[in-house]
Amino acid sequence: MNRTDTFFLIHNYNTVPTELLEYCRDYLIMDASEDGDTRKKLDELGLKYVSVDNTGHNLTSYFHFFIDHYDELPEWIALLKGNIIGRHLSKEFFDRVYDNKWFTYLYQDTSMWERYKKGGDPGSIASLLSEEGYIEENNSWYMNENHSYRYFYDMDDFYRFVYKDPVVPRHCAFSPGGCYIVNKAQILKNSKTFYKNLNTLMEYRKEYNFPAEAYLVERLLPWIFTSRYEVNSWMEDEEKFKEMLIKCEKAVEAHRQWDSLRFKKYRKMLGAKAPDFWEGLI
């Protein structure tokens, strides 16, 4: 196997990702392990790693790396999880794509092909455009009690919060798990402040049951790396961003109160409308 010169940025949790290291010349492990043994093993093997907080997901690790190494990013970076092989894709698929020098979705789940292909499960909200081309109905199904939210309750509003006048899609095309191969130019088209502000949305609670806003960012990642939309001014200003989040939190609370009303269905039938998320924000 030829070792790629693509830099492997590996978010790791309670595993020793030596299998991945056989594919690359250079790497860094962002280790969020909590089992007490993993870091001992990493030390014994002399592997390169930094300890990071366990936020329950991998996206904040990638963004912290972008921020800390903004002026010295490798030309190509594979954003990986320590358990990606067998979890988000097969070894056979990874063998074919690990050295790609183009933007690559690192996802493949052959067990779902029958369900997601044309003629498959008509009730499924997900579908496939290709073996790695996963798309999902844009219905914000993940914004629920399992992963509570503070600042947003809807993907459509999140699109509009980050970008000026975007096309809000019927479907989200992304890599489940948030793993990609990206070029540094795709990362650098966004500022450090942009990544800091997105991390703020995902780090207000650091635990396994991570904030639902992380699901929003996960689905936005392809846009973050490839779109040429103009971002809203507060995405480039930490203080203004904090001010906007205060307003967002109030809008979410108004939504919760509406959502908890008795006889809401009948109110809707009579023409009563839910509060507008954007009212009072701008």
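Me: Which residue of S4 is the bridge partner of Leu9, and what makes S1 and S4 a pair?

Reply: The model is a predicted one, and in it the bridge partner of Leu9 is Leu79 in S4. Two strands count as paired if at least two bridges are found between them; S1 and strand S4 (residues 76–81) share 5 bridges in the parallel sense, and therefore they qualify as a pair. S1 also pairs with strand S2 (residues 27–31), again in the parallel sense and over 5 bridges, and there His11 stands opposite Met30.

Me: What is the order of the strands in the sheet that holds S1, and why are S3 and S5 called edge strands?

Reply: The order is S3-S2-S1-S4-S9-S5, in an open sheet of 6 strands with mixed pairing. Strand S3 (49–51) and strand S5 (104–105) are its edge strands, as each of them pairs on one side only. Helix H10 lies across S4, S5 and strand S9 (180–183), and runs at about 25° to S9.

Me: How do you know that S1 is covered on both faces?

Reply: In a regular strand, side chains alternate between the two faces of the sheet. On one side of S1 stand Phe7, Leu9 and His11, on the other Phe8, Ile10 and Asn12, and all of these are buried. Buried stands for under 20% relative accessible area, and 6 of the 6 residues of S1 are buried, so the strand is described as mostly covered.

Me: Why is Asn14 called partly exposed, and where is Asn14 found?

Reply: Partly exposed covers the range between the buried limit of under 20% and the exposed limit of over 50%; Asn14, at 31% relative accessibility, falls in that range and therefore counts as partly exposed. Asn14 is found in the loop between S1 and helix H1 (18–21), and its phi is near 55°, a positive value in a residue other than glycine.

Me: Is Ser140 buried or exposed, and what value decides this?

Reply: Ser140 has a relative accessible area of 9%, and because the limit for buried is under 20%, Ser140 is buried. Ser140 is found in the loop between S7 and H7, and its phi is near 55°, a positive value in a residue other than glycine.

Me: Why is helix H7 described as largely enclosed?

Reply: Of the 8 residues of helix H7 (residues 155–162), 6 are buried, so the helix is largely enclosed by the rest of the structure. The buried residues are Met155, Asp157, Phe158, Tyr159, Phe161 and Val162, and they pack against S8, helix H9 (192–202), H10 and helix H11 (238–259).

Me: How many residues of H9 are buried, and what covers them?

Reply: H9 is mostly covered, with 8 of its 11 residues buried, among them Phe194, Tyr195 and Leu198. What covers these buried residues includes helix H3 (59–68), H7, helix H8 (184–188), H10 and H11.

Me: What is known about the volume of the largest pocket, and how does its lining divide?

Reply: The largest pocket has a volume of about 880 Å³; of the 33 residues that line it, the closest to its centre are Lys81, Arg87, His88, Gly177 and Phe210. The lining divides into 13 nonpolar, 14 polar and 6 charged residues. S1, S7 and helix H10 (213–226) each supply at least two lining residues, and the largest share, 4 residues, comes from H10.

Notes:
Residues numbered from 1 in each chain as written. Predicted model: local features only at pLDDT ≥ 70, side-chain atom pairs only at ≥ 80, totals over all residues. Heavy atoms only, no water. 1 Å grid on protein atoms, 1.4 Å probe; cavity = no way out; pocket = protein on both sides within 12 Å on 5 of 7 lines; lining within 4 Å. Points joined across faces, edges and corners; volume = space filled by probe spheres on them. Nonpolar A, V, L, I, M, F, W, Y, C, P; charged D, E, K, R; others polar. Buried < 20%, exposed > 50% of the residue type's maximum accessible area, 1.4 Å probe, protein only. Contact = heavy atoms within 4.5 Å. Axes fitted to C-alpha atoms, helices over the stretch in contact; angles between N-to-C directions.
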